[in-house]
Amino acid sequence: SVDFSEEKRETEGKKTMAGLAHQLTGREDPGSPKRLFPILKPSTTLSSLPACFHSSPSGFRSRNRKMKIIPVACLEDNYAYLIVDESTKAAAAVDPVEPEKVLAAASEVGAYIDCVLTTHHHWDHAGGNEKMRLLVPGIKVYGGSMDNVKGCTDQVENGTKLSIGKEIDILCLHTPCHTKGHISYYVTSKEEEDPAVFTGDTLFIAGCGRFFEGTAEQMYQSLCVTLGSLPKSTRVYCGHEYTVKSLQFMLTVEPENEKMKQKLEWAQKQREANQPTVPSTIGDELEINTFMRVDLPEIQAKFGAKSAVEALRTVRNIKDTWKG
Ligand SMILES: [Zn+2]
C-alpha cells in the first residue's frame, strides 16, 4: 500500500521554482507583508507510508539524477553536505565545518567545490569557512546578509538565486528565528525536478531549532509558511542528526501518531546500522513533526492554544525543559 512513488514525487515537485520566486518577490504588496507563500494545511491522511520508512536514503538515488547529494558527518552530530552537478562535477558545500573531510568526500567522487552555502553564523556551521577559503583559493562563501557569517564573501537575501555547474538552481529562503539571518537553500535541477532543501538549524527531522534570535511568530513563518509551502516531495537535509531523540519527544506530545512511531522504529534501526536518517521530505514532516502541524485544530486543542503560533510556542517551551 505504498503510493509514495517516484512518479508521485515528480508530479508534486512541479510546483515550480519560478512560481516560488514569483511569490517571494510579491513582498511589496502592502496587503500581504508577511505571507511569502500561501499557507497549506498539513495533510492528515494516514493512508500511505512514505518510502523512507521502507528503504535507506540511498533509495533516493535509484534514478538517474543530475544532482548527487552526499551527507558528510562532522563533529559530534553535525551534517555538512556536498551538492554535486553530475554533468560538470562542480559542487557546493553546505556548512563545511570540517573542511578536510568535505574536500576528501568531494575528491572521492571526482567533484570540485566552487562555493560554500552557509545556513547560519553558529560556529558548528560557519566555523570551517575561513579554512575553506585558504584551501580553495577563489571559492565563493555565501551567507545570510543579516547573519554576520564568518568568512562570508557574498551575502544572500530571501529570493537570491544561485546555481551550481550547468544543471542545478538554488533559491535562498530567509528562515529566521534560530538566528536572525538564517538561510535555507532550496535546490532543484534546471527542469525543476529533484527538489531538496537544506534547512540548517531551522527544521530538523521531527524537530526545529531553538528560538535564539527570534520569536514564535518568526518560527511559524519560517517552518509552516516558507518551508511548509515547498512541494511535499522536497527532500529535507538538516544540520544535525537529532532524529531519534526528537521523535522520542514528539511521541510524548502526540502519543497516538502512528507515523511517528513507525518513523522512530526506522530511525533507530538506521542509527544502529550507523546510517544517517536524512533525508526526510516536507510531506513526511507535515505528518510527524508537531512543530509543522500547529495549523491543525486538533493540535491547537491539545495545548489549549487559540492560534497556531501559540501552539508552536507551547510545544517549544515543553521541549526546552524536556529531560528525555
Ligand atoms: Zn545553530
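The model is predicted, so local features are given only where pLDDT is at least 70 and side-chain atom pairs count only at pLDDT 80 or more, whereas totals for chains, interfaces and linings use all residues. Residues are numbered from 1 along each chain as its sequence is written. The chain holds 11 helices and 14 strands, where helices (H or I, at least four residues) and strands (E, at least two) are DSSP runs numbered from the N terminus. Of its 324 residues, 49% count as buried; a residue is buried if 20 or more other C-beta atoms lie within 10 Å of its own, exposed if 12 or fewer, and partly exposed in between, with C-beta atoms placed from the backbone.

**Contacts and core**

- Among contacts between residues at least 6 apart in sequence, 63% join residues at least 24 apart, a contact being a pair of residues whose C-beta atoms, placed from the backbone, lie within 7 Å.
- The largest nonpolar core has 79 residues, and those with the most contacts inside it are Tyr81, Leu82, Ile83, Ala91 and Tyr185; such a core is a set of buried Ala, Val, Leu, Ile, Met, Phe, Trp, Tyr and Cys residues joined through C-beta atoms within 7 Å.
- Leaving aside residues up to four places away in sequence, Tyr81 touches Ile69, Ile70, Pro71, Val72, Val94, Phe198 and Tyr237.

- Six strands form an open sheet in the order 1-2-3-4-5-6 with mixed pairing, two strands being paired if DSSP finds at least two bridges between them.
- Strand 1 and strand 6 (154-156) stand at the edges with a single partner strand each, so one side of each is left without a neighbour in the sheet.
- From one strand to the next the twist averages 25°.
- Strand 1 (residues 67-74) pairs with strand 2 in the antiparallel sense over eight bridges, and Val72 has Ala80 in strand 2 as its bridge partner.
- These two strands form a hairpin with three residues between them, and Leu75 in the turn has a positive phi of about 50°.
- Strand 2 (residues 78-85) is largely enclosed by the rest of the structure, because seven of its eight residues are buried.
- Strand 2 and strand 3 run antiparallel and are joined by four bridges, with Val94 in strand 3 as the bridge partner of Tyr81.
- The hairpin of strand 2 and strand 3 has four residues between the strands, and Lys89 there takes a positive phi near 65°.
- Helix 3 lies across strand 1, strand 2, strand 3 and strand 4 (112-117), running at about 145° to strand 1; axes are lines fitted to C-alpha atoms, for helices over the stretch in contact, and angles run from 0 to 180 degrees between N-to-C directions.

**The loop residue Glu98**

- Glu98 is found in the loop between strand 3 (90-94) and helix 3 (99-108), and Glu98 is partly exposed, with 19 other C-beta atoms within 10 Å.
- Apart from residues up to four places away in sequence, Glu98 touches Cys74, Leu75, Ala80 and Gly128.

- A second open sheet of six strands has the order 7-8-9-10-13-14, with mixed pairing.
- Its edge strands are strand 7 (161-164) and strand 14 (280-281), each of which pairs on one side only.
- Strand 8 (residues 168-174) and strand 9 (residues 183-189) pair in the antiparallel sense over seven bridges, and Leu173 stands opposite Ser184 in strand 9.
- Strand 9 and strand 10 are also antiparallel, pairing over three bridges, and Tyr186 stands opposite Val197 in strand 10.
- Strand 10 (residues 196-200) has five of its five residues buried, so it is largely enclosed by the rest of the structure.
- Ala196, Phe198 and Gly200 point one way from strand 10, while Val197 and Thr199 point the other way.
- Strand 10 runs parallel to strand 13 (residues 235-238), to which four bridges join it; the bridge partner of Gly200 in strand 13 is Cys238.

**Packing of helix 6 and helix 11**

- Helix 6 (residues 216-227) and helix 11 (residues 308-320) pack at an angle of about 100°, with their axes 9 Å apart.
- That angle makes helix 6 roughly perpendicular to helix 11, a term covering 65 to 115 degrees, whereas angles under 35 degrees count as roughly parallel, over 145 as roughly antiparallel and the rest as oblique.
- Ala216, Glu217, Met219, Tyr220 and Cys224 in helix 6 meet Ala308, Val309, Leu312, Arg313 and Arg316 in helix 11.

Conventions. Two residues are in contact if their C-beta atoms, placed from the backbone, lie within 7 Å.
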